[in-house]
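Here are my notes for a first look through this model. Have the sequence and the 3D view open while you read.

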Amino acid sequence: MSRITPLSLEQVTDSTRALLEGVQKKIGFLPNVFPTLAHAPAVLAAYLQHSVALGKTSLSATQKEAIFLATSQVNGCDYCLAAHTLFAGKAGLSGEDILSARHGQLNAFAALARQVTERRGHLSSEQIQAARAAGIDDAKIVEVIAHVASQTLTNYLNNVALTEVDFPAINS
């Protein structure tokens with residue numbers, strides 16, 4: 001049972017309702033994480049603005065999903081693992097790729113995201129050099145960190161709230 005109950009559309013202000021309806025239109029349903037974020041309308045708005053901005057990074061959809069999966073695995077977020085397993089599949093990752101991404105093994109982006117998350121950003125020079133050797137330039141390093149930070153917000157929220165998973169179940 002959720003410790004922070006998602007708000008209904010009737011419980012939120014008109015401006016927050018518009019944001020939630022936008023999410024619902026884009027995704028096809030309203031995932032529980034968003035009406036949970038709606039308890040703090042400024043945080044919901046900021047998260048959505050941040051997501052739009054991060055949608056414009058140079059990373060591909062599969063690279064982003066690898067980052068989200070690796071980060072969510074380290075942070076132990078069952079909600080986000082279920083959500084991003086679905087989205088990663090839609091982006092073209094196979095079941096095997098998804099499991100590999102969760103463990104930071106799919107590609108250099110998943111590996112870097114896992115390292116950033118596990119080490120809370122305190123990477124060694126060798127880890128940075130390995131990322132660069134794998135083709136991740138400084139701009140992409142910054143983009144990976146931004147995606148990890150955004151994902152960590154929802155990971156922590158869902159872990160604290162015990163948000164009810166409303167995505168298809170996944171294999172651990």
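**Notes on the helices and a few single residues**

1. H5 is followed by Gly-92, whose phi is positive, near 110°. Helices here (H or I, at least four residues) and strands (E, at least two) are DSSP runs, numbered from the N terminus. Before going further: this is a predicted model, where local features need pLDDT of at least 70 and side-chain atom pairs count only at pLDDT 80 or more, while totals for chains, interfaces and linings use all residues. Residues are numbered from 1 along each chain as its sequence is written, and side-chain values use heavy atoms, with hydrogens and water left out.

2. Back to H5 itself: its 14 residues reach 20 Å from first C-alpha to last, close to the 20 Å expected at 1.5 Å a residue (the expected span being 1.5 Å times one less than the number of residues). Tyr-79, Cys-80, Leu-81, Ala-82, Ala-83, His-84, Thr-85 and Ala-88 are the buried residues of H5. Buried means under 20% relative accessible area, exposed over 50%, and partly exposed in between (1.4 Å probe, protein chains only). Those buried residues of H5 pack against H2, H4, helix H6 (95-102) and H9; contact means heavy atoms within 4.5 Å.

3. How do H5 and H9 pack? Helix H5 (residues 78-91) and helix H9 (residues 138-161) have axes 8 Å apart, at an angle of about 130°. That makes H5 oblique to H9. Axes are lines fitted to C-alpha atoms, for helices over the stretch in contact, and angles run from 0 to 180 degrees between N-to-C directions; under 35 degrees counts as roughly parallel, over 145 as roughly antiparallel, 65 to 115 as roughly perpendicular and the rest as oblique.

4. Where the two helices touch, Tyr-79, Cys-80 and His-84 in H5 meet Gln-151, Thr-154, Asn-155 and Asn-158 in H9. By class, this contact of H5 with H9 has two nonpolar, five polar and no charged residues. Ala, Val, Leu, Ile, Met, Phe, Trp, Tyr, Cys and Pro count as nonpolar, Asp, Glu, Lys and Arg as charged, and the others, Gly among them, as polar.

5. Take a look at Ser-72, in helix H4 (residues 61-75). Ser-72 is buried, with a relative accessible area of 0%. Not counting residues up to four places away in sequence, Ser-72 touches Cys-77, Cys-80, Leu-81, Gln-151 and Asn-155.

6. Now for H1. Its buried residues are Thr-16, Leu-20 and Val-23. Seen down the axis of H1, the buried residues fall within an arc of 55°, so they line one face of the helix; the arc is that of the directions from the helix axis to the C-beta atoms. These buried residues pack against helix H2 (33-37) and helix H3 (41-54). Asp-14, Ser-15, Lys-25 and Lys-26 are exposed, on the face of H1 turned away from its buried side. Just after H1, Gly-28 takes a positive phi of about 105°.

7. Asn-32 sits in the loop between H1 and H2. Is Asn-32 buried or exposed? Asn-32 is buried, at 17% relative accessible area. Leaving aside neighbours within four places in sequence, Asn-32 is in contact with Pro-6, Tyr-79, Thr-163, Glu-164 and Asp-166.

8. Finally, check Arg-120, which has a positive phi of about 50° although it is not a glycine. Arg-120 lies in the loop between helix H7 (108-118) and helix H8 (125-133), and at 74% relative accessibility it counts as exposed.
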